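Biologist: I'm new to reading protein models. Could you walk me through one, feature by feature?

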Amino acid sequence: MVQQRQPAPQGQPLRQQPQSPIESTAHEAVRIRRESERLRNIADLLGGPKVVGKYPTDPLAAHEMLVQGLPNVAIKYLVDRMRTLAKESVESAIGMSARTRQRREKYPTELLSQDQTGRTWKFAEILTRATTVFGSRMAAEKWLAEPAVGLDQRRPIDLLSTPAGVELVEDFLGRIEYGVYT
């Protein structure tokens with residue numbers, strides 16, 4: 001006999017049926033696979049395994065990689081592969097002047113500071129998420145470079161130079177992702 005679900009009385013939330021252990025395990029496996037793919041995409045923006053070493057498999061592995069520092073060449077790899085974003089905008093977002101970036105190119109294996117590593121990773125992380133939201137890397141770069149109504153006509157790329165600005169951009173990107181523009 002199949003039980004019919006009764007609608008919740010007005011004003012009371014619906015109770016969800018508990019998940020079976022198999023459903024719970026399957027959902028967890030999907031979440032882990034998506035997270036691993038996301039980290040892989042971020043690492044690919046920074047040069048992939050040739051530059052960052054092996055792909056991080058989870059956020060803790062990414063943290064450990066970032067604590068050690070990314071090599072200078074990761075920034076070159078990232079900047080050189082921008083299709084529409086100006087190098088100057090990317091440099092500003094990661095907190096590095098053009099001259100410093102050029103000097104660092106002479107020492108490709110030297111490690112970035114933790115701050116520069118973190119900002120470089122965060123930029124790649126936001127670009128990866130925007131690519132997912134907008135459907136292509138070109139559309140994501142274009143979104144970063146154009147004034148956004150939800151950001152008081154500021155360009156998202158210009159806000160990435162501070163932690164507060166990064167939070168605003170991530171929040172706005174989340175609202176776009178879920179269809180909430182205001």
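This is a predicted model: local features need pLDDT of at least 70, side-chain atom pairs count only at pLDDT 80 or more; totals for chains, interfaces and linings use all residues.

Biologist: What is the phi of Asp 152 near, and how do I read it?

Modeller: Here's the general idea: most residues other than glycine have a negative phi. Asp 152 has a phi near 55 degrees, a positive value in a residue other than glycine. Gln 153 also lies in the loop between H8 and H9, and its phi is near 60 degrees, again positive in a residue other than glycine.

Biologist: Is Asp 152 buried or exposed, and why?

Modeller: Exposed means over 50% relative accessible area. Asp 152 counts as exposed because its relative accessibility is 59%. Gln 153 has a relative accessible area of 49%, so Gln 153 is partly exposed.

Biologist: And where is Glu 141 found?

Modeller: Glu 141 belongs to helix H8, which covers residues 137-145. Buried means under 20%, and Glu 141 is buried because its relative accessible area is 0%.

Biologist: Which residues does Glu 141 touch?

Modeller: Leaving out residues up to four places away in sequence, Glu 141 touches Arg 81, Met 82, Arg 83, Thr 84, Leu 85 and Leu 127.

Biologist: How many helices and strands does the chain have?

Modeller: The chain has 10 helices and 0 strands. Buried residues account for 35% of its 182 residues.

Conventions. Residues are numbered from 1 along each chain as its sequence is written. Side-chain values use heavy atoms; hydrogens and water are left out. Helices (H or I, at least four residues) and strands (E, at least two) are DSSP runs, numbered from the N terminus. Buried means under 20% relative accessible area, exposed over 50%, partly exposed in between (1.4 Å probe, protein chains only). Contact means heavy atoms within 4.5 Å.
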